[in-house]
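Here is a short tour of one protein model, from its inner spaces to a sheet and a ring pair. Keep the sequence and the 3D view at hand.

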Amino acid sequence: MSRLEAKKPPLFISEPLTGDAVSQSLSLLSGILKSSYGPAGRLKQLHNGVGGCVCATSQSSALLGHLSISQPVLRVLTASVRNHVSRFSDCGLFTAILCCGFIENFRSLNVAPFTVVKISKHLLSLCMDHLKSEACGCRVSVDFSSVGTLVCLVRSILTSKPACMLNKTEVDHLTSLVLKAFLFTVPCHVETNAVLGKCVIIPVKGRRVMDSTVLPGLLIEAPEIQLGKPLAVKRTGSNMIKIALFSVSMSGDGFNPEEGTIVVHHGVSLEESELNQLLSVGKQLVKDEVGLVVCQKVMHPSLKQYLQENGVIAVDRAGLCLMEPLGRLTGSQPIASIHSLSPGCYGSLKDLRIESFASKHYLHLISENTVICSLILCNRSETAWDELKRVCETAEHVLQLTVKEPLALLGGGCTETHLASYLRHKSSILPASTFKDLDCSQTQYQLVAEGFCRSLESVARSLSHDGEDILTDMVYGHCWFVPSGSPCVSKWSDLVSKCGCGMNGNTEDLSWRFLQGQSGSPVVQGCPKEPSVKVSDLLTLDCFAAKCSGLQVALETANLILDLSYVIEDQN
């Protein structure tokens, strides 16, 4: 008999943020995230200790998904960021770095956590009101009648992840493909509740990025299709191809034991009975003039042969991920039982073709009014392809979010420095009634506001990985990068050509100053102006919805962590 261990009492940790272990872990996590941020971010190689796949990435979803974090406080932070990324796909690193900055800056203040929470929420409301106002200088309207802004938005996402290993020509090619794929998913006829379609990514690894292409409709891998032979497919009287979509197994390998007990009479073969039932289904499909049968799971070879002999193309092992786009493309209802076939469950296709990519053969399903398309995505290595796939999925999601809210924010650190400039100005002109409503002194408010601004600026500073000096101007509040090793000059305009987002040039004296670190005296800042002229159409842009959400999630998570007085951990 095994010896029973006595139950251990839970571990109580008071004031968890004051412990050295938490501080060191937070600093380490912050350093990992900051060094991964932006187009020049350093890659992280992730793998477990017992083998398995190796991941080289700088994406927050991959980083936070592979990191093993034991500190309860940091698990709260990473869970919040991962939840944000699951909803918006973008601005994960921004959210995590900003949250770490808030925690580091706020906990060093000699202000009660409850007061910090109240003041920081007020500062957040000032930020959100400014971002949603027409006068905001870091907001760009997206005009869907022209692709210019959309191109900038997609290009900014593609160039932000260096593990994709893309050159300029490849970025331009993929930008046009992602936009083209997105436009395929927009319904031609707008209804009251219009629903966007779906882009299905077809993996082709070991090929040039320039071989990537996009096709309307859906590609299904069909290794049994022979490329040289003409594709003879049965059509209905209206010249359409009828399709049946099965979500149930058609392998004839017996009933599922979970469905209950089966009584088999003496002399009856269960396998033969099931095969006869499958062939009966096949006869019904032929009678109903079905031209294409797609099965999510395995199809019995005898059934497949019978269908092919009667002019019906049969494809099995389609997989779960293709069922939803197949249904939308063809209008068919997935058939969940081989014992009942309804004529209303069939769908239709306009045409069916054979396509070949990288020695693989595909059936190309083409519909009348499709909002489904296939992006054949190529890259030279598996690691680069995995990163590129995540980036393209992010770009598609960002475009969908932008349809709902046709706005974008300036990238390259300019939104963060602009907001910091705006808050410094705004907090210096608040009426005394504001401090009374918040039950704080003006000094406390200014301390928290400065910590808020330094946290925003720390995100912009994270874009520098090669020792560049980072400036901000006192006119527009934008971010400027001075190349490392630049000579000493009397005018900064001799060293900088345009700001981080590309909107402002160096044609006027903008009174630049260095972005300060954690220490330094508060800066007196005027209200930043809105740029009147764009210096370039190649702007660096961020998703408006994702960045606004990231700003809110970062502060709310930081406030939650700062307000923790105990961590109670079960040791059993």
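A cavity is a set of grid points where a 1.4 Å probe fits but cannot get out, while a pocket is an open set. The model is predicted. By that definition, it holds two cavities of 30 Å³ or more.

**The cavities**

Start with the largest cavity. Its volume is about 60 Å³. Its lining is made of V178, A181, F182, C199, I201, L375, C392 and E396. The largest share comes from α7, with three residues. By class, seven of the lining residues are nonpolar, none is polar and one is charged.

Now the second largest cavity. It has a volume of about 40 Å³. The residues around it are F94, L131, T415, E416, L419, L456, K547 and L551. The classes are five nonpolar, one polar and two charged.

**A pocket**

Next comes an open space, the second largest pocket. It contains about 1,000 Å³ of space. How many residues line the second largest pocket, and which lie nearest its centre? The lining counts 39 residues, and L219, I220, E221, A222 and L322 are the ones nearest the centre.

Several elements contribute. At least two lining residues come from each of β5 (198-205), β7 (218-221), α9 (301-309), β10 (313-315), β13 (360-366) and α11 (382-404). The largest share is that of β5, with six residues.

Domain 2 (143-217 + 376-405) and domain 3 (219-254 + 269-369) each provide at least three of its residues. By class, the pocket lining holds 22 nonpolar, six polar and eleven charged residues.

| Space | Volume | Lining by class |
|---|---|---|
| Second largest pocket | about 1,000 Å³ | 22 nonpolar, six polar, eleven charged |
| Largest cavity | about 60 Å³ | seven nonpolar, no polar, one charged |
| Second largest cavity | about 40 Å³ | five nonpolar, one polar, two charged |

**A three-stranded sheet**

Turn to a sheet. Strands of a sheet pair through backbone hydrogen bonds, either parallel or antiparallel. Which pairing does the open sheet of three strands show? The pairing is antiparallel, and the strand order is β17-β16-β18. The edge strands, β17 (479-482) and β18 (512-514), each pair on one side only. From one strand to the next, the twist averages 40°.

Look at one of the pairings in detail. Strand β16 (residues 469-473) and β17 run antiparallel and are joined by four bridges. I470 has F481 of β17 as its bridge partner.

**Aromatic pairs**

Last come the rings. Phe, Tyr and Trp rings pair if their centres lie within 6.5 Å. By this rule, the model has four aromatic pairs. One of them to inspect is F435 with Y445. Their ring centres are 5.5 Å apart and their planes meet at 65°, so the pair is edge-to-face. F435 belongs to helix α13 (residues 432-438) and Y445 to helix α14 (residues 442-461), so the pair ties together parts ten residues apart in sequence.

Methods:
Residues numbered from 1 in each chain as written. Predicted model: local features only at pLDDT ≥ 70, side-chain atom pairs only at ≥ 80, totals over all residues. Heavy atoms only, no water. 1 Å grid on protein atoms, 1.4 Å probe; cavity = no way out; pocket = protein on both sides within 12 Å on 5 of 7 lines; lining within 4 Å. Points joined across faces, edges and corners; volume = space filled by probe spheres on them. Nonpolar A, V, L, I, M, F, W, Y, C, P; charged D, E, K, R; others polar. Domains from an automatic or database assignment. Pairing = 2+ DSSP bridges. Axes fitted to C-alpha atoms, helices over the stretch in contact; angles between N-to-C directions. Phe/Tyr/Trp six-rings, centres within 6.5 Å; stacked < 30°, edge-to-face > 60°.
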